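Thanks for making the time this morning.

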Amino acid sequence: MADKEKKGVRLDHISKIYKDPKTGKDFYAVRDVSLDIEPGSFVTLLGPSGCGKTTTLRMIAGFESPDEGEIYLGGQPINELTPNKRDTAMVFQSYALFPHYNVYDNVAYGLKLRKVPKAEAQQRIERILSLVELSGMESRMTNQLSGGQQQRVALARALVVEPSVLLFDEPLSNLDAKLRVSMRTEIRRIQQALGITAVYVTHDQSEAMSISDKIIIMHGGVIAQMGTPEEIYYHPQSEFVADFIGEANFLMGDIVSVQGDNCVLAIGNHRVTVDNPSGFPVGKSCKVVLRPEAGVLAETGDLPCKVVLSCFMGAYQNYHVMVGDTLVKLADYCPVGRRVFRVGDTAYLSFREGCVHML
């Protein structure tokens, strides 16, 4: 597997049109999507239900055909190829294991279809089972396995055929919260160990943040933003993206001066220097994003506020405060040794330098 040439995926203006069963009218489930997935990278399609992420994945897999545009795998157009002729493998949400087969036969299934010689197949199966940490469980029936073990079998079955691109359709949504965290770490470890290209669909933003080289946020069938987890989190390009990735507060400010690529914003009586990527002029009113961890609550500061919620969460003290008529959510990490404000207290809100982003 490691010696195999890595292949990327390119979507060139692809669209998928469905007919609305109620109105009988056509609508775009995916509209004019173009993106380039680098060979060996881990890319996540993220967004709410109905945003087009699963349809996009299914078009890459060949289970759906684009009505417009072309899909390329390693430079080769693949629109006309059936799923089994594409150099891809899919890990499904439901695992899709054969209950009457044991672990070994489930993993061997794709190799039998491809008529791989028995000795080579055995070698590949043993190597993959070791990689997903299921060695010694070959003869177990899949209904005797835990959810996490079943997911590993599904992953092994996809990997053993040595695809160039591994596709994941919300593979962890049937697992409990703790197991999801450990399994996503495992999936990332295996992907990096093999250097395989991975396209992963989820609506869980913390899952996307933790495993991706690049996140593509979809909304209404189009790409809302793509970038590294850091770019998406710290520099969202719209209120939708800011609100979808992590918690976000939105405050209104007025530009009082412009200095090169930066500007000074007045938020209440508070002056804060922020990036001005759009080149907004003095006097312009604009919205800024403040992450909960980017605000500081203290007995002195810039913006007076009233505490309406104060809740100990272990790693942080969770506050909701009212700044005038605006609710602001704050997370004070490791509050040991600092004053903890209670509901009804008056306090002052300040911003950590460099942590306010203008939309």
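Let me begin with a question: does Thr44 count as buried or exposed? Before the answer, a word on conventions: this is a predicted model, in which local features need pLDDT of at least 70 and side-chain atom pairs count only at pLDDT 80 or more, while totals for chains, interfaces and linings use all residues. Residues are numbered from 1 along each chain as its sequence is written, and side-chain values use heavy atoms, with hydrogens and water left out.

Thr44 counts as buried, because its relative accessibility is 0%; buried here means under 20% relative accessible area, exposed means over 50%, and partly exposed lies in between, with a 1.4 Å probe and protein chains only. The residue sits in strand E3, residues 42-46, where helices (H or I, at least four residues) and strands (E, at least two) are DSSP runs numbered from the N terminus. Its side chain makes a polar contact of 2.6 Å with that of Ser212, a polar contact being a pair of N or O atoms within 3.5 Å, of which, within protein, one must be able to donate a hydrogen and the other to accept it, and residues adjacent in sequence count only if both atoms are side-chain atoms. If we set aside neighbours within four places in sequence, the contacts of Thr44 (heavy atoms within 4.5 Å) include Tyr200, Thr202, Ile211 and Lys214.

The side chains of Glu64 and Tyr18 are joined by a polar contact of 3.2 Å.

Turning to helix H3, its 14 residues reach 20 Å from first C-alpha to last, close to the 20 Å expected at 1.5 Å a residue, where the expected span is 1.5 Å times one less than the number of residues. Within H3, Ala121, Arg124, Ile125, Ile128, Leu129 and Leu131 are buried. They lie on the same side of H3, because they cover an arc of only 150° around the axis, taken from the directions from the helix axis to the C-beta atoms. On the other side of H3, Ala119 and Gln123 are exposed. What covers the buried residues includes H2, H4 and H5, and just after H3, Glu133 takes a positive phi of about 60°.
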